[in-house]
Amino acid sequence: MRSAAAFCVLLGALALQAQPAAPHLIAPGVWFLLGDGLKGYSNTTVIEMQDYLIVVDANYPARARELIAIVKQLSPKPVRYVFDTHAHGDHSYGNSLWTAAGATTLAYAGILAEMDRYEPARWQAAEAKREDVRSLHQNNVERPLKTFTKSPYVLEDATRKVEFLYLGWGHTQADGYVWLPRERLLCTGDGAVNGPRNKLWDANLTNWPRVLAKAMRLQPRFVLPGHGEAGGVEILNGQRRFLLDLYGAVNAQVQAGKPLGEITVHLPARDRSWVPKDLAWDIEATYMEITDHQPAGAIPHAWK
Ligand SMILES: [Zn+2]
């Protein structure tokens, strides 16, 4: 009996785990939806305007299909814009599903050059691994239908003001942020994540902390990251400290003449939430940026 009861508890726990997190109402008309990290999904924010909705990040196709259904439960208003915070597949590969559903995909203009630089190689690599990407029968990511070059790009009506920002080359060359000035709410994409979930290979590791300092000067009350739980400005600060500490630690050893293979990094406890199990790729990207005297993302590199 005891083992049967324990089995039921286990089943219950598994069922709970399998349930996607419910949308979290952050402010009136602003929902945050946590993406399932095991499926590679990014987070999503839904912003209600007077007559329509804005979705932040198109996500992977399977998640985009889920979101299209979930969003209908949140509000009867149509999704007019879907903002890609950057070119990575977990944020943009669902674009064509949203446009087929009637939305206009939107991004900072630099995303087009990012996609031209890395695609369709990354799309093809994702097709080899992901059924949801294969299921679209496309040979490339659908580019955002609308882009802006002047930051901020503003959408405003009687109920809300939304600013789409470009703050410089950080996580990628074309990171877009979404800022709601009245609510003091910032969607960061992967410019800041809450946890050890970032990829540094397309980054400018010298400039990224400056970009985050700019974001911190907005003094956000709510920070909605591309991955991990929502929080406040501590997410921006934590991501920034991790990058500074990583760069400082690698740079000290480069200056001491150590080759890449001999560099070991022990970061302070404050960085714990951002340190991946295997730091080797982060160390390599930082090493390359320092020794090549150009942003890691500017050096030809394979997707890791
Ligand atoms: Zn991501």
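Which side chains meet in a salt bridge at 3.0 Å, N to O? They belong to Arg 182 and Glu 156, where a salt bridge means a side-chain nitrogen of Lys or Arg within 4 Å of a carboxyl oxygen of Asp or Glu. The pair ties together distant parts of the chain, 26 residues apart: Arg 182 sits in the loop between strand E10 (176–180) and E11, and Glu 156 in strand E8. Arg 182 is exposed at 53% relative accessibility, while Glu 156 is partly exposed at 47%; buried is under 20% relative accessible area, exposed over 50%, partly exposed in between (1.4 Å probe, protein chains only).

A word on the model: it is predicted, with local features needing pLDDT of at least 70 and side-chain atom pairs pLDDT 80 or more, while totals for chains, interfaces and linings use all residues. Residues are numbered from 1 along each chain as its sequence is written, and side-chain values use heavy atoms, leaving out hydrogens and water.

Now step along to Asp 157, in the loop between strand E8 (153–156) and strand E9 (161–166); strands are DSSP runs of at least two residues, helices (H or I) of at least four, numbered from the N terminus. Asp 157 is buried but has no salt bridge, and Arg 182, the nearest side chain of opposite charge, is 6.5 Å away (Lys and Arg count as positive, Asp and Glu as negative; His and chain ends are not counted).

Elsewhere, Glu 114 and Arg 117 form a salt bridge at 2.4 Å between the closest N and O atoms. Both lie in helix H5 (residues 110–118), three residues apart. Glu 114 is buried at 2%, whereas Arg 117 is partly exposed at 40%.
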